Amino acid sequence: VMLEDFIETNKVDEKLIPLKEEVRSVADAVKATGIPAENHAKSILFIDSNKEPVLVVLLGSDKVSTAKLKELLNVKDVRLAEKEEIEDITGYTVGGVPPISVYGVKTIIDKKVLTREKVACGGGNTTTEMIIATKHIQEFAIEPIIEDVAV
């Protein structure tokens, strides 16, 4: 509901696609939508060594370079957030975290995401995908940093 409210309030021109089965990963999403991984964007929550959350948005076919992420954030270490942390911090469940409307969390968008005009991504829950223009991810993400953080 939060995501739908956000889309409506901000007049974001996006499409939410209901899925027949739950998706928890890009592989699931590819199977459910038929959209290839490189046209998906995944939103991954990390916690840095200062206990600050950071959301990394990258193409579904890419992996995050923790070395690049640590350097960019100027921190000793980063780790993947756990399931409970993801839900507490973002308000969304694993598999449904969208790249926008995650309040109070710094967002890093990998440069390659912006090479796509549109991407499929988490639609707020595990049975919804969202098709979003990447320029809207950039526009509506919280304090977005555009950087190369993929391996």
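The largest pocket is lined by 23 residues, and those nearest its centre are Arg24, Lys42, Ser43, Ile44 and Gly95. A pocket here is an open set of points on a 1 Å grid over the protein atoms alone, where a 1.4 Å probe fits and protein lies on both sides within 12 Å along at least five of seven lines; lining residues have an atom within 4 Å of a point. The model is predicted: local features need pLDDT of at least 70 and side-chain atom pairs pLDDT 80 or more, while totals for chains, interfaces and linings use all residues. Residues are numbered from 1 along each chain as its sequence is written, and side-chain values use heavy atoms, without hydrogens and water.

The volume of the largest pocket is about 400 Å³, taken as the space filled by probe spheres set on the points, which are joined across faces, edges and corners. Its lining consists of 13 nonpolar, 7 polar and 3 charged residues. At least two lining residues come from each of helix H2 (26-33), E2, helix H4 (83-90) and E6, and E2 gives the most, with 5 residues. Helices (at least four residues) and strands (at least two) are DSSP runs, numbered from the N terminus.

Threonine 107 belongs to strand E5 (residues 106-110). Threonine 107 counts as buried because its relative accessibility is 1%; buried means under 20% relative accessible area, exposed over 50%, with a 1.4 Å probe and protein chains only. A polar atom of its side chain lies 3.4 Å from the backbone oxygen of valine 105. Beyond neighbours within four places in sequence, threonine 107 is in contact (heavy atoms within 4.5 Å) with residues including Leu55, Val57, Pro99 and Ile145.

Most residues other than glycine have a negative phi. Lysine 11, in the loop between H1 and strand E1 (15-18), has a positive phi of about 50°. Lysine 11 is exposed because its relative accessible area is 67%. Asparagine 74 has a positive phi near 55° and sits in the loop between helix H3 (66-73) and strand E4 (78-80). At 68% relative accessibility, asparagine 74 is exposed too.

Notes:
Polar contact = N/O pair within 3.5 Å; in protein donor to acceptor, adjacent residues only side chain to side chain. Nonpolar A, V, L, I, M, F, W, Y, C, P; charged D, E, K, R; others polar.
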